[in-house]
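Have a look at the picture, try each task, then read the solution.

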Amino acid sequence: MMNIDIRKLNSQKSYFGEMSFSYDAPEKLLAIPSASFDGPVSVTFTYDLYEDNAFEIHGTVRYKLKGECSRCLKPVETVVEGELSALFEPKKDAEDYSYFGSIVDITQAVDDAIVFSLPFNLSCESECEPIQYSSETK
């Protein structure tokens with residue numbers, strides 16, 4: 001879980017700033033066959049804490065995927081970068097994300113950013129040759 005203590009930020013008068021950390025994303029986020037995360041996800045963002053304790057973040061998620069090329073099945077690795085943008089409000093029926101008490105858990109927003117940034121498939125090159133299957137009959 002990625003938690004941010006709003007009460008602590010308020011007491012430090014830290015109403016805006018930057019944060020970064022690494023996150024071991026769950027493999028269940030991947031919908032690409034035979035793909036996996038190759039290391040942790042790097043999460044970097046700026047934040048704004050508003051007077052009404054709404055907490056807004058904007059930044060990036062960056063991670064490496066490894067697997068097989070969807071066309072030729074050769075091993076492939078690729079670096080993916082996605083946009084992270086979320087507003088957390090201290091109320092039950094918030095439009096984006098809600099939080100209760102003084103702790104904001106940004107895990108769901110980071111997971112959403114990872115899912116939205118995933119490529120449709122892995123490929124080794126744009127001009128990759130697909131595997132040719134023989135249709136000969138005996």
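**Exercise 1.** Which residue takes a positive phi in the hairpin of strand 5 and strand 6?

*Solution.* Keep in mind that this is a predicted model. Start with the two strands: strand 5 and strand 6 (residues 75–89) run antiparallel and pair over 14 bridges. One spot to look at is G59, which sits opposite L84 in strand 6. Now go to the hairpin, where six residues lie between the strands. There you'll find L73, with a positive phi near 70 degrees.

**Exercise 2.** How many residues lie between strand 4 and strand 5 in their hairpin?

*Solution.* First, the pairing: strand 4 (residues 41–49) and strand 5 are antiparallel, with eight bridges. L49 has F55 of strand 5 as its bridge partner. The hairpin leaves five residues between the strands, and N53 in the turn has a positive phi of about 70 degrees.

**Exercise 3.** Find what pairs with strand 5 (residues 55–68) over two bridges.

*Solution.* That's strand 3 (residues 36–37), again in the antiparallel sense. Here F37 faces L65 of strand 5.

**Exercise 4.** Is S14 buried or exposed?

*Solution.* Locate S14 first: look in the loop between helix 1 (6–11) and strand 2 (16–23). Its relative accessibility is 19%. Buried means under 20%, so S14 counts as buried. Leaving aside residues up to four places away in sequence, S14 touches L9 and Y47.

**Exercise 5.** Work out which residues the ring pairs link into a cluster.

*Solution.* Y47 turns up again here, linked with F55, F88 and Y97 through ring pairs. The count of aromatic pairs comes to five.

How values were computed. Residues numbered from 1 in each chain as written. Predicted model: local features only at pLDDT ≥ 70, side-chain atom pairs only at ≥ 80, totals over all residues. Heavy atoms only, no water. Phe/Tyr/Trp six-rings, centres within 6.5 Å; stacked < 30°, edge-to-face > 60°. Helix = DSSP H or I, 4+ residues; strand = E, 2+ residues; numbered from the N terminus. Buried < 20%, exposed > 50% of the residue type's maximum accessible area, 1.4 Å probe, protein only. Contact = heavy atoms within 4.5 Å. Pairing = 2+ DSSP bridges.
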